[in-house]
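Hi,

Here is the structure I promised to pass on. Have a look at it first, and then read on for what turned up.

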Amino acid sequence: MSSATASMPPPPMKQSNGTMAEPDVSIKRKASVLPLEVGTRVMCRWRDGKYHPVKVIERRKLSPSAFSDYEYYVHYTEFNRRLDEWVKLEQLELDSVETVVDEKVEDKVTGLKMTRHQKRKIDETHVEGHEELDAASLREHEEFTKVKNIATIELGRYEIETWYFSPFPPEYNDCPKLYFCEFCLNFMKRKEQLQRHMKKCDLKHPPGDEIYRCGTLSMFEVDGKKNKVYGQNLCYLAKLFLDHKTLYYDVDLFLFYILCECDDRGCHMVGYFSKEKHSEESYNLACILTLPPYQRKGYGKFLIAFSYELSKKEGKVGTPERPLSDLGQLSYRGYWIRVLLDILKKHKGNISIKELSDMTAIKAEDILGTLQGLDLIQYRKGQHVICADPKVLDRHLKAAGPGGLDVDASKLIWTPYREQG
């Protein structure tokens, strides 16, 4: 018998009523679960070629005919929400389908029907990231932002996949890709529009004052009140890559610090941070972002270090606005560990939290939390004592990873906002 014959499926079996029985009952089973309901859990083939567990967040019909003409917006439960995406039916392993129908509960605030899981998730989100929103607004926000509206953007020489929803004006909702001018950050629906714009745009750097130049790196300060459209466009762009930040429509109250790589074509934005002009909570940074093509190059740590150099110039201590994103939390913790432990290694004799704060412009609470997290603080006779064993410090410094790019404070030419004008 040839191998081809051996691999053929068995013929259909005749039933007692004379009809032919279908040997592959899985075909019927697959048809019975389609189209998949929102909330379904199933295995999905990801870009690594392997199958991963996902939850169906949303679905949409591609044509009015068959079940297979749906595509599904899924969340990979092992990964961050930034990897959520639309997938085709052929990427899903239908034999792995789990349908979990949660008991519906009615929310007393809005009257919305939702599952207990949804309500719990919303409550958790409220704790995590959107303290400024009440329960009803938070549920509306959760529903409104669950699906990415822009899939990719073009910025300069990069095409970048987005991570999160951003509330662009309604006329851009049906636009999977947006084209940004990398200098003024105006955005357009079509490549031809961008090409026409670039012929007219006379900017070759962010609209603001250059306050730092070292080698090919440059930092520009942009006043949101003087450059309102730029500030708003920057917020739209940043929201595509930031999960836990409310979009700032009132950019007048903020200063934006834009980090650029410079060449003979101009100054190209790699990342930025924003800062309130007047903060009663000692916030020296509101939002921070390194654009995806420039990540893992030390720019995030550079931006953090730069925010503290500004605080030193102001004669103040600073701290980032909460909540921090997951990447922001990691970056700050690494920065605080390196700065504080470098000082402890070099310092002879005792040093207090207050002295560390004065030297670094890092808020005392952040210093205390960082050192406690490393078990370098002991409480003796009513006060905190820093225990700085050199071998322990070296171990923690190694674990914190590389320090990123240094800020040369001598190259910073800047006047604090309160003293400007």
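Before anything else, a word on naming: helices (H or I, at least four residues) and strands (E, at least two) are DSSP runs, and their numbers count from the N terminus. Keep in mind too that this is a predicted model.

With that naming, Ser 282 sits in the loop that links β17 to β18 (283-285). Its phi is near 65 degrees, which is positive even though the residue is not glycine. Most residues other than glycine have a negative phi, and most peptide bonds are trans.

The bond from Leu 34 to Pro 35 is cis, with omega near -10 degrees, and Pro 35 belongs to the loop between α2 (25-33) and β3 (41-45). The bond from Arg 322 to Pro 323 is cis as well, with omega near 0 degrees; here the proline is in the loop between β20 (319-320) and α8 (326-346).

Now the sheet. Five strands form an open sheet in the order β14-β15-β16-β17-β19, and the pairing is antiparallel. At the edges you'll find β14 (209-214) and β19 (288-290), each pairing on one side only. From one strand to the next, the twist averages 20 degrees. Within the sheet, β16 (residues 254-263) and β17 (residues 266-276) pair over 10 bridges.

The axes of α9 (residues 353-360) and α10 (residues 364-373) come within 9 Å and cross at roughly 115 degrees, in a right-handed crossing. On the α9 side the contact uses Ile 353, Leu 356, Ser 357 and Thr 360, which meet Ala 364, Ile 367, Leu 368 and Leu 371 of α10. That makes 6 nonpolar residues, 2 polar and no charged.

Cheers

Terms used: Residues are numbered from 1 along each chain as its sequence is written. This is a predicted model: local features need pLDDT of at least 70, side-chain atom pairs count only at pLDDT 80 or more; totals for chains, interfaces and linings use all residues. Side-chain values use heavy atoms; hydrogens and water are left out. Two strands pair if DSSP finds at least two bridges between them. Axes are lines fitted to C-alpha atoms, for helices over the stretch in contact, and angles run from 0 to 180 degrees between N-to-C directions. A crossing is left-handed if the near helix is turned anticlockwise from the far one by less than a right angle, and right-handed if clockwise. Contact means heavy atoms within 4.5 Å. Ala, Val, Leu, Ile, Met, Phe, Trp, Tyr, Cys and Pro count as nonpolar, Asp, Glu, Lys and Arg as charged, and the others, Gly among them, as polar.
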